[in-house]
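Please consult the sequence and the structure below while reading.

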Amino acid sequence: MKHIVVISQQAPYQQQSLKEALDLLLIFAAIDQQVSWLIEGDAVFALLAEQQPKLLGQKDFTKALKMLELYDIDSIYVCSESLSDRGMDESALILDVKNALAQDKQALLAKATQVVVL
């Protein structure tokens, strides 16, 4: 079994990278791969409640975030520094995540068989 780490770095409604990351996570999990998701940079905004993507002419993908649990994807890491830089903390997030400091990210990537950055 491969351990695949998907890294999201872009704002949630900038291009389609976050939606593509979600799709990849679900596909890999469906074929019994071990997957982890590392969310950093502006991608942390995707985990905030009360988003209004319709104002941007976008679909709301936050419901898909909650499907991750159904696929046993519970290795979701959020860069602590990214949260701090944006004045956020874990209590504002809609998912149960693991805080990732620099050394945690390095350890996660060292264990990965494959890394996908979107």
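Does Leu70 count as buried or exposed? Leu70 counts as exposed, because its relative accessibility is 69%, over the 50% cut-off for that class. The model discussed here is predicted. Its largest nonpolar core has 29 residues, and the structure holds three salt bridges.

**Nonpolar cores**

- Within the largest nonpolar core, of 29 residues, Trp37 and Leu68 have the most contacts.
- Strand S1 (3-8), helix H1 (17-30), strand S2 (34-39) and strand S3 (76-79) are each the source of at least two residues of this core.
- The most is given by H1, which supplies seven residues.
- Another core, of seven residues, lies apart from the largest one and includes Val5, Leu38, Leu108 and Ala112.
- Beyond its neighbours within four places in sequence, Leu68 contacts Leu22, Leu25, Leu26, Trp37, Ile73, Ile76 and Leu95.

**Surface patch**

- Met67, Leu70 and Tyr71 make a nonpolar surface patch of about 300 Å².
- Of these residues, Leu70 is located in the loop between helix H2 (62-67) and S3.

- Ser80 belongs to helix H3 (residues 80-85).
- Ser80 counts as buried because its relative accessibility is 18%, under the 20% cut-off.
- When residues up to four places away in sequence are not counted, Ser80 touches Asn99, Ala100 and Leu101.

- Asp23 and Lys19 form a salt bridge in which the closest N and O atoms are 2.9 Å apart.
- The two residues are four apart in helix H1, so about one helical turn separates Asp23 from Lys19.
- Asp23 counts as partly exposed at 32% relative accessibility, and Lys19 likewise counts as partly exposed at 36%.

- Glu40 and Lys105 are joined through their side chains in a salt bridge, at 3.1 Å from N to O.
- Because Glu40 lies in the loop between S2 and H2 and Lys105 in helix H4 (residues 102-111), this pair ties together parts that are 65 residues apart in sequence.
- Both Glu40 and Lys105 are buried.
- A salt bridge also connects Asp42 with Arg86, whose closest N and O atoms are 2.9 Å apart.
- Asp42 is in the loop between S2 and H2 and Arg86 in the loop between H3 and strand S4 (98-100), and the pair links distant parts of the chain, 44 residues apart.
- Asp42 counts as partly exposed at 34% relative accessibility, and Arg86 is partly exposed with a relative accessible area of 28%.

Terms used
Residues are numbered from 1 along each chain as its sequence is written. This is a predicted model: local features need pLDDT of at least 70, side-chain atom pairs count only at pLDDT 80 or more; totals for chains, interfaces and linings use all residues. Side-chain values use heavy atoms; hydrogens and water are left out. A nonpolar core is a set of buried Ala, Val, Leu, Ile, Met, Phe, Trp, Tyr and Cys residues joined through side-chain atoms within 4.5 Å. Buried means under 20% relative accessible area, exposed over 50%, partly exposed in between (1.4 Å probe, protein chains only). Contact means heavy atoms within 4.5 Å. Patches are made of residues with over 30% relative accessible area and no salt bridge: like charges are joined within 9 Å, nonpolar side chains (Val, Leu, Ile, Met, Phe, Trp, Tyr) within 5 Å. Accessible areas come from the Shrake-Rupley method with a 1.4 Å probe; for residues, only the protein chains shown count as cover. A salt bridge is a side-chain nitrogen of Lys or Arg within 4 Å of a carboxyl oxygen of Asp or Glu.
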